[in-house]
Amino acid sequence: MNWKSRQVTRWLILLNGLFLVVWVNMLADTWPVRVDLTEEGRYSISAPTKELLKNLDEVVYVEVYLEGELPSNLKRLQKSIRETLEEFSVYGGKNLEFTFKNPVAGGSRQAQEKMMMELSAKGIQPTDLSYTKDGNTVRRRLYPGALISYGGREAGVMLLKGNKGDGNEELLNQSIEGVEYNLAYAIKQLVNNDRKRVGVVVDHYSIDTLALAGFQSLLMEKYEVSAIQLARQVQPLAGFDAIVVAKPSVEFSENEKYLLDQYVMSGGKLLFFIDALSVDMAGAEGAGTIAFPIEHNLTDLLFNYGARINQDFVQDLSCGEFLVIDGMVGDQPQVKLIPWPFFPEVNRFSAHPMVKNLDAVIFRFTSTIDTVKADGIVKTPLMFTSERSRVLSSPVRVNLNDIRGGINPEAFNQGSQPVAYLLEGPFNSLYRNRALPRGVNKTGFREKGVPSKIVVVADGDFIRNELNPENGQPMELGIDPISQKVYANKDFIVNALEYLMDDDGLILARNREVKIRPLDKQKIDENHTFWQVLNLAGPLVLLLLFGIAKMFLRKRKYTRF
């Protein structure tokens with residue numbers, strides 16, 4: 001083969017290679033193949049999220065407000081958000097666009113304050129951050145969230161969220177774990193025109209309307225909400241994706257229980273917030289008062305499904321505070337806050353996606369829950385008090401004077417107590433092998449149900465919001481009016497309802513786990529010089545050895561001839 005032929009051959013090989021590269025890229029663009037080699041699949045998104053993005057009819061715009069100068073740990077979160085959105089765009093295609101913005105960059109101070117107020121109104125709350133840079137303390141107000149727009153509607157979503165009690169690094173890691181779900185859930189809320197329908201049983205509770213305003217506002221923001229009066233209900237309960245039984249204080253009749261039972265048998269989902277004992281805090285001063293059992297007539301129904309709320313109260317050293325009068329100065333009462341063990345701050349959760357990475361929630365006079373035998377039912381504890389707890393059996397004496405002189409920590413030695421449970425499976429009817437209540441519609445009676453889910457929380461006040469002491473107006477659910485501490489009661493309620501009604505499994509994205517693999521600081525201090533030298537000299541030595549080896553091979557090749 002002459003020189004010209006060899007040149008032509010080389011050009012043909014080059015052109016064929018270029019054609020092959022272009023062809024492979026076209027195939028990859030049409031049928032993308034992505035391989036995540038990380039152990040926990042941190043660069044993958046769940047199947048329900050992929051389906052959600054593939055079925056977008058219009059463009060989803062995502063504005064992330066994490067831009068500009070950031071400390072290194074928040075840059076990790078920023079990078080994770082960017083990578084997740086890039087993965088979203090693979091499946092959403094042209095129907096997903098995103099950008100990163102600094103909401104306080106440029107513009108006048110008045111414009112910046114206006115932007116801050118708008119973001120806060122949309123649910124993107126500020127975070128005041130202090131960090132060290134070049135030996136100086138830098139303070140910044142950040143808005144670690146995103147504004148998602150679709151079809152003329154908007155939703156704000158916080159992206160820095162988790163259990164604050166676990167420390168800053170763990171909180172950041174939990175935020176990274178939750179990026180996919182938080183973004184996908186917000187998109188789902190905007191995309192779905194057919195909102196889920198939630199019923200609330202309203203003729204059995206005695207909470208003041210103002211104290212339920214936060215709960216009702218939360219439900220109406222996300223779902224179609226209907227009030228259910230069981231006493232007037234003639235036909236079977238139908239058309240509800242879930243039903244909430246909120247703090248019942250009036251006894252349920254057998255006919256009303258039958259309606260709930262048959263709703264569950266047909267696959268309906270129930271969420272109970274129930275008190276076992278009732279206490280009037282107005283009598284807690286002086287000689288104190290006694291907590292008495294509430295006759296709501298639901299004990300046998302829950303027992304049949306596999307759970308029993310005990311007639312007791314849990315006290316916890318990890319608790320909220322209560323405002324009490326501590327003497328008088330002239331004619332003015334002096335008040336102070338005291339730790340109130342009857343208000344457990346629950347910060348211990350199971351690994352279930354409903355409560356994973358949840359921040360602390362507040363209970364007010366909660367009871368313990370036991371599980372009992374129920375064939376085919378899976379029982380999952382969700383929330384626990386701390387290890388420094390104790391259980392007081394009924395009748396329970398409630399007296400503020402008992403703790404005014406201080407709390408004896410040694411008495412809180414009964415360990416962690418479960419206060420919320422998830423029950424799942426094909427439930428058996430309470431009225432199986434029993435005479436049905438008189439007057440009920442017996443048509444279609446089911447002795448055994450299809451698989452369903454029930455959540456039981458042993459505190460009716462879990463859904464109660466506080467009132468602003470200055471104007472008497474209802475505050476947002478989960479905010480303490482004195483300390484201004486924000487509890488995650490609202491997040492739990494939403495997570496519980498989403499899990500109960502989740503047909504596509506999107507909430508399972510909360511199971512994502514990103515493992516922290518910290519370097520050994522002691523080994524770094526001991527061996528940092530060795531690794532610095534290796535990183536600097538290693539490539540040079542390898543290059544030198546490669547050159548020597550190549551020179552040796554060339555010399556050997558030509559000495560043969």
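## Aromatic contacts, pockets and a cavity

Tyr-305 is buried, with a relative accessible area of 0%. This description rests on a predicted model, in which Phe-427 is likewise buried, with a relative accessible area of 2%.

The structure holds 15 aromatic pairs. A pair of aromatic rings is described by the distance of the centres and the angle of the planes. In the pair formed by Tyr-305 and Phe-427, the ring centres lie 5.1 Å apart and the planes meet at 65°, so the arrangement is edge-to-face, since angles over 60 degrees count as such. Tyr-305 belongs to helix α8 (residues 299-305), while Phe-427 belongs to strand β23 (residues 418-428), so this contact ties together parts that are 122 residues apart in sequence.

Another aromatic pair joins Phe-313 and Phe-365, whose rings are 5.1 Å apart from centre to centre and tilted, with 45° between the planes. Because Phe-313 sits in strand β14 (residues 312-316) and Phe-365 in the loop between β18 (361-362) and β19 (369-371), the pair ties together parts that are 52 residues apart in sequence. Phe-313 and Phe-365 are both buried, and they belong to one aromatic cluster together with Phe-322, Trp-340, Phe-342 and Phe-343.

Charged side chains also meet aromatic rings. The charged end of Arg-82 sits over the ring of Phe-100, 4.1 Å from its centre, and Arg-348 lies over the face of Phe-384, at 5.7 Å from the ring centre.

| Pocket | Volume | Lining residues | Classes in the lining |
|---|---|---|---|
| Largest pocket | about 1,800 Å³ | 48 residues | 19 nonpolar, 14 polar, 15 charged |
| Second largest pocket | about 490 Å³ | 21 residues | twelve nonpolar, three polar, six charged |

Nearest the centre of the largest pocket lie Gly-123, Met-158, Lys-161, Lys-490 and Asp-491. Its lining draws at least two residues from each of α4 (109-121), β6 (153-158), α5 (168-191), α6 (213-222) and α10 (489-501), and the largest share, ten residues, comes from α5.

In the second largest pocket, the residues nearest the centre are Glu-321, Glu-466, Asp-480, Pro-481 and Ile-482. Strands β15 (319-329) and β16 (332-346) each supply at least two lining residues, with β15 giving the largest share, five residues.

There is one cavity of 30 Å³ or more, and the space in the largest cavity is about 40 Å³. Residues lining the largest cavity include Tyr-65, Leu-66, Glu-67, Asn-102, Pro-103, Arg-140, Arg-141 and Tyr-143, and by class the lining has seven nonpolar, one polar and three charged residues.

Terms used. Residues are numbered from 1 along each chain as its sequence is written. This is a predicted model: local features need pLDDT of at least 70, side-chain atom pairs count only at pLDDT 80 or more; totals for chains, interfaces and linings use all residues. Side-chain values use heavy atoms; hydrogens and water are left out. On a 1 Å grid over the protein atoms alone, a cavity is a set of points where a 1.4 Å probe fits but cannot get out, and a pocket is an open set with protein on both sides within 12 Å along at least five of seven lines; lining residues have an atom within 4 Å of a point. Grid points are joined across faces, edges and corners, and a volume is the space filled by probe spheres set on the points. Ala, Val, Leu, Ile, Met, Phe, Trp, Tyr, Cys and Pro count as nonpolar, Asp, Glu, Lys and Arg as charged, and the others, Gly among them, as polar. Rings of Phe, Tyr and Trp (its six-membered ring) pair if their centres lie within 6.5 Å; planes under 30 degrees apart count as stacked, over 60 as edge-to-face and the rest as tilted. Helices (H or I, at least four residues) and strands (E, at least two) are DSSP runs, numbered from the N terminus. Buried means under 20% relative accessible area, exposed over 50%, partly exposed in between (1.4 Å probe, protein chains only). A charge sits over a ring if NZ of Lys or CZ of Arg is within 6 Å of the ring centre and within 35 degrees of the ring normal.
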